[in-house]
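Me: I would like to learn how to read a structure like this one. Please take the features one at a time.

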Amino acid sequence: MTLSASNAILLVGHPNVGKSVLFHRLTGAYVNVSNYPGTTVEVTRASARFDHQVALLDTPGVLALPSRSDDERATMRALLKESTRSLVQVGDAKNLRRTLTLTALLAELGVPMVLALNMHDEAAARGVTVDIAALGEELGMPVLATVATGGEGIGELTASLGQARAPQALLRYDAAIEDDIGQVSTWISRHAAHPHLAARGLAILYLGGDSEVADWLRETAGEQFAELAALRQAAASRAEGDLPTLLARERTEAADALAASVIQRAVKSSPLLSQRIGQYVVHPLWGIPILLGVLFAVYELVGVFGATTLVGLMEEDLFEGILNPAFTHFVTAAVDLPWLQELLVGQYGLWTMGMTYALALILPIVTTFFFAFGVLEDSGYLPRLTVIANRLFAMIGLNGRAVLPMVLGLGCVTMATLTTRILHSPRERLITIFLLALAIPCSAQLGVVLGMLGGVSFTAVLVWALAMVGVLLLAGFLAARLIPGRRIPLVTELPPMRLPILGNVLKKTGGRLKWYLIEVIPLFLLGTFIMYALDKTGALPAIIEAGEPLVTGWLGLPKEASAAFVMGFLRRDFGATGLFAMAHSLSPIQAVVGMITITLFIPCFASLMMMVKEQGAKTALLMVGLIVPFAFFIGGLFNIALRALWS
Amino acid sequence: MSAKHEARLPLAFIQPGSEVRLAALGDEIDPLQREQLTAYGLAENRPLRVLQQRPMTVILADEVELALEHAVARHIWVEKDVANA
């Protein structure tokens, strides 16, 4: 569908105020919606339900403007690049001060706006009442109360979009600052006028140090930009303090004053149950047992129900019992060419290997993992996990926020690599992406590892797990000391604990599964085809022969295991599944060494592409160049150590 | 400083359960992180409720719960209301 480029409505607001749920209500499109800040890492676009010619854009949450973080820059880029018809600011009704601080800046852009005060049910539960009519009058634009999760106020919001108006300015800055704003906005009007955004708003953003606005002005004004830079320099030297801070402070004061005039607070008797639960979850004493309980529940769901019960039903009963014999029978009868028969249903057959691995072994495991992850993120548990994990992550130069991509990486490393954008510094992102690529197994691989080593002994699982944690901490410790820059202490918002909504969790699980299957099935089929081609051309036996000194000599595995490592180049879980398939011929030590090596082995092709996208080809290839020999090195060390200890 | 206020104290040293007012964000805090704190609503004179101090400082500002590492909370100066102490 082609959407009119001059007809976009942008949803903007702070993180975790319900923009993405509202976006879903208004478009029917679903983006990952989570009860933690930073879920929307890119702008998402869809046509509106109420008018298919209108494009709705869901922007990443902004903690504040002028933009500083990647999320904020992405939102500012959307404001600068889109031909915006109107803005819908989504705000948290229980935190009106913060909402209005952002309104104070957006109002200066001169774009028609509507303010949706979302989660007003949570505000009411806390005794906070906002005089919506008075606020609308003060701002001179439509203001509505919504509960996006329950669909309340959505009809009114849609109807109000036609009445969107550029709001009245919330404040006049200090006279000296106003003088500077006036000079800069006059210059912008003359030399770099924006087709939709007011020069005054751009001037305030530029003086506040917004790098996206500066880039846009530089690009538009060309060589004359030096004059504008000189104006800012002069304004900064005249200011009685840091100019961006002074501007932000005046907006905060104006927002405070307006909020105070329209809010009523009832006297609160005691904390809500959700607040009490939230406090227990990060309690120094109770937090750890609760974490262990959560991990146990996830293990029971994914490791036991998903990887054992569901995989058993799918692989043994459905595929090996019914589908594969039927499909093999059909192909043998219908296809005359022996090579084609073998390509479809042979040892490296597209159906018997590729589709069976993807659907029977992997699908049940990732489904249960994504469901568990969806419940945790919807409940508000994950941001609290950052608090509990902070001390551990401090050891590897990160802060607790990095636990979010790491946990998501246990589902899909590719998706998690993208999510590292929620981290605040390039250094944190680099270390986290490296550790994800090295030592975090995705749920498919985790399921295969647990399935295989669980069949050997609990000790085997424990050795593998300790090896992974040890490598993660060692590699993180070294990376934190080798990569320049300093660690940023954790400051994070803890959103309210909420009872997960089943429909929301199921939609989210479905969305992630779709993403995963679109990625996994073509790669599994391609991998199977490469294995088939290598086998038919005689290259596979040659590779197995060539890899023998490393695989047999150093790792102590049967030489056929080389085939699994060839498969692992495409996907680690594909390689792990290859080792799983030869489990009966491996000793306990070989099983542990094989799984340690393949877990540390290079990430899958899709996540390698994501690493290239996020860090550039040079850094991604450097990581792969470190990871592959490191995986074999550690695998070999464990081979030597385990043989010495166990024999 | 008003007579009814005690001396300024670092937020990290305040007992859980106490109500305090924010006095200042110390210069030791990274400028970007200071902007982040301001954006969360930590402005001068804003009332804060300290919920816990371990493993991190957790406060309630308006209706927003924030967790702060001690490295940051040590440089946030607060005043404790004598009436609420």
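Me: Into which domains is chain A divided?

Reply: Domain bounds come from an automatic or database domain assignment. For chain A they give domain 1 (8-163), domain 2 (175-264) and domain 3 (287-488 + 501-646). The centres of domain 1 of chain A and domain 3 of chain A, taken over C-alpha atoms, are separated by 38 Å. Residues are numbered from 1 along each chain as its sequence is written, and chains are lettered from A and ligands numbered from 1 in the order in which they are written. This is a predicted model, in which local features need pLDDT of at least 70 and side-chain atom pairs count only at pLDDT 80 or more, while totals for chains, interfaces and linings use all residues.

Me: What pLDDT does chain A average?

Reply: pLDDT is the predictor's confidence in each residue, from 0 to 100. Chain A averages 86, and 96% of the residues score at least 70. Confidence in chain A is lowest in helix α26 (residues 572-581) of chain A, with a mean of 74, and highest in helix α8 (residues 199-207) of chain A, at 97. Helices (H or I, at least four residues) and strands (E, at least two) are DSSP runs, numbered from the N terminus.

Me: Where does pLDDT stay under 50 in chain A?

Reply: Where pLDDT is low, the predicted coordinates should not be read in detail. One such stretch is residues 1-5 of chain A, for which the model has six contacts beyond four places in sequence. Another is residues 33-40 of chain A, with 37 contacts beyond four places in sequence. Two residues are in contact if their C-beta atoms, placed from the backbone, lie within 7 Å.

Me: At what angle do helix α14 and helix α15 of chain A pack?

Reply: Axes are lines fitted to C-alpha atoms, for helices over the stretch in contact, and angles run from 0 to 180 degrees between N-to-C directions. Helix α14 (residues 338-345) of chain A and helix α15 (residues 350-379) of chain A pack at about 20°, with axes 4 Å apart. That angle makes α14(A) roughly parallel to α15(A). Angles under 35 degrees count as roughly parallel, over 145 as roughly antiparallel, 65 to 115 as roughly perpendicular and the rest as oblique. Leu343(A), Leu344(A) and Val345(A) of α14(A) meet Leu350(A), Trp351(A) and Thr352(A) of α15(A).

Me: How do α22(A) and α23(A) lie to each other?

Reply: Helix α22 (residues 502-536) of chain A and helix α23 (residues 539-546) of chain A pack at an angle of about 90°, with their axes 5 Å apart. The two helices, α22(A) and α23(A), are therefore roughly perpendicular to each other. Met531(A), Leu534(A) and Asp535(A) of α22(A) make the contact with Ala539(A), Leu540(A) and Ile543(A) of α23(A).

Me: How many residues of helix α3 of chain A are buried?

Reply: A residue is buried if 20 or more other C-beta atoms lie within 10 Å of its own, exposed if 12 or fewer, and partly exposed in between, with C-beta atoms placed from the backbone. Eleven of the eleven residues of helix α3 (residues 96-106) of chain A are buried, so α3(A) is largely enclosed by the rest of the structure.

Me: How many residues does the contact take from chain A and from chain B?

Reply: The count is 25 residues from chain A and 26 residues from chain B. On the side of chain A that touches chain B, the elements giving two or more residues include α3 and α16 (381-394) of chain A. The largest share, four residues, comes from α16(A).

Me: What is the order of the elements of chain B?

Reply: From the N terminus on, they run β-β-α-β-β-β-α-β, that is, two helices and six strands. Buried residues make up 46% of the 85 residues in chain B.

Me: Which backbone features deserve a look?

Reply: Most residues other than glycine have a negative phi, and most peptide bonds are trans. A cis peptide bond joins Leu65(A) and Pro66(A), with omega about 0°, and Pro66(A) is in the loop between β3 (55-58) and α2 (70-81) of chain A. In chain B, the peptide bond from Arg54(B) to Pro55(B) is cis, with omega near 0°.

Me: Is Asn16(A) buried or exposed?

Reply: Asn16(A) is buried, with 21 other C-beta atoms within 10 Å. Its phi is positive, about 60°, although Asn16(A) is not a glycine. Asn45(B) also has a positive phi, of about 75°, but Asn45(B) counts as exposed, with 9 C-beta neighbours inside 10 Å.
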